[in-house]
Amino acid sequence: MWAATFLAGWALISASCSTTAPRVATAPRPEDMVQDDVVKLQIHLDGQLFGPGIVDGREGEFTRKALARYNTSHGLPGDAFPDLGSIEPYTTYTVTADDLSKIGVQGGSPSVVVLQKTQPYTSLTELLAERFHTSKAFVARLNPGVNVDAAPAGASVTVPNVARPLFVTEIPATSKTSRVQDPALANRFIVVDLRVKMLEVYDAEGGPLIAAFPITPGSSEHPAPQGDWKIVGITTFPWYRWDEGVLKRGERTEDFYNLPPGPNSPVGIVWMGLNRPGVGIHGTSTPETIGRSGSHGCIRLSNWDAAALRPLVTAGVKVRIQ
């Protein structure tokens, strides 16, 4: 039940963080909340840097959590609902030759992947799903009777009308870790909430909430380390050190593979290392698992949320895992 579920979710956070309030509408009735309405809400939240997870028209825990935090950040009451009247839920995207050039074969075992130059998208559907913050299944649903993976350059595909599509070519590739501190961002403060599986960004410790994203925070076997840490460096399109000892026992060994960067890297397209060896905040090749499967002690986001987080912080920013 849409309205009842959302009203319960909005009660998660009630503190005010801003005196500037956007327009709000009357909370919707359950019978009015159809797929397109949910997509509009998810697009709105996603564009305001309060990630609802996958934009797919399904009401879920991360949409509720994102809305609660959005209301908090704008000083709105818990039962507020954004005015979505001007949002178009879908748009038409034209496939380009450059898109098709980013599709390749992903090797299976690390011993095979290590021989590749990159870890590319494996299908056009996967590329479009990540670019427009959705799932491969939803891309297929929006294009009934169409074999999206076989679409040539120039073909039109229906996708969610997100405000910040992820074009990986627009992200500066560093490969090497940057430890440069940006003074304008130095006071930002990150809180990782292990219980609700959300990462929150504050303008300063004790300051206003400016963004929030759903995460996978470790697992029962390899929990994310609680405590106060800091970001020591940020890498885009990182190489990934695949070490079975680390993955299974948390022990660094000399039997490892350096896997090339790419959107299908296990750590995605962004790595933010903490001052706890082997632990970082990073993207993922499987956004549909965020909040649902475990990681190996790290804080995992979708690639699009990791890309949105990157310009909000800098090396030296404090991170509290609690």
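Predicted model: local features only at pLDDT ≥ 70, side-chain atom pairs only at ≥ 80, totals over all residues.
Residues are numbered from 1 along each chain as its sequence is written, and side-chain values use heavy atoms, with hydrogens and water left out.

**Exercise 1.** Determine which strands pair with β5 and in which direction they run.

*Solution.* Begin with the terms: strands (E, at least two residues) and helices (H or I, at least four) are DSSP runs numbered from the N terminus, and two strands pair if DSSP finds at least two bridges between them. Next, take β6 (residues 198–202), which is joined to β5 (residues 189–193) by five bridges and runs antiparallel to it, with Val191 opposite Glu200. Then take β15 (residues 318–321), joined to β5 by four bridges in a parallel arrangement, where Phe189 stands opposite Lys318.

**Exercise 2.** Locate the partners of the salt bridge between Arg164 and Asp46, and state whether each is buried or exposed.

*Solution.* A salt bridge requires a side-chain nitrogen of Lys or Arg within 4 Å of a carboxyl oxygen of Asp or Glu, and here the closest N and O atoms are 3.0 Å apart. Arg164 lies in the loop between β4 and β5, whereas Asp46 belongs to helix α2, 118 residues apart. Finally, with buried meaning under 20% relative accessible area, exposed over 50% and partly exposed in between (1.4 Å probe, protein chains only), Arg164 at 18% is buried, and Asp46 at 0% is buried.
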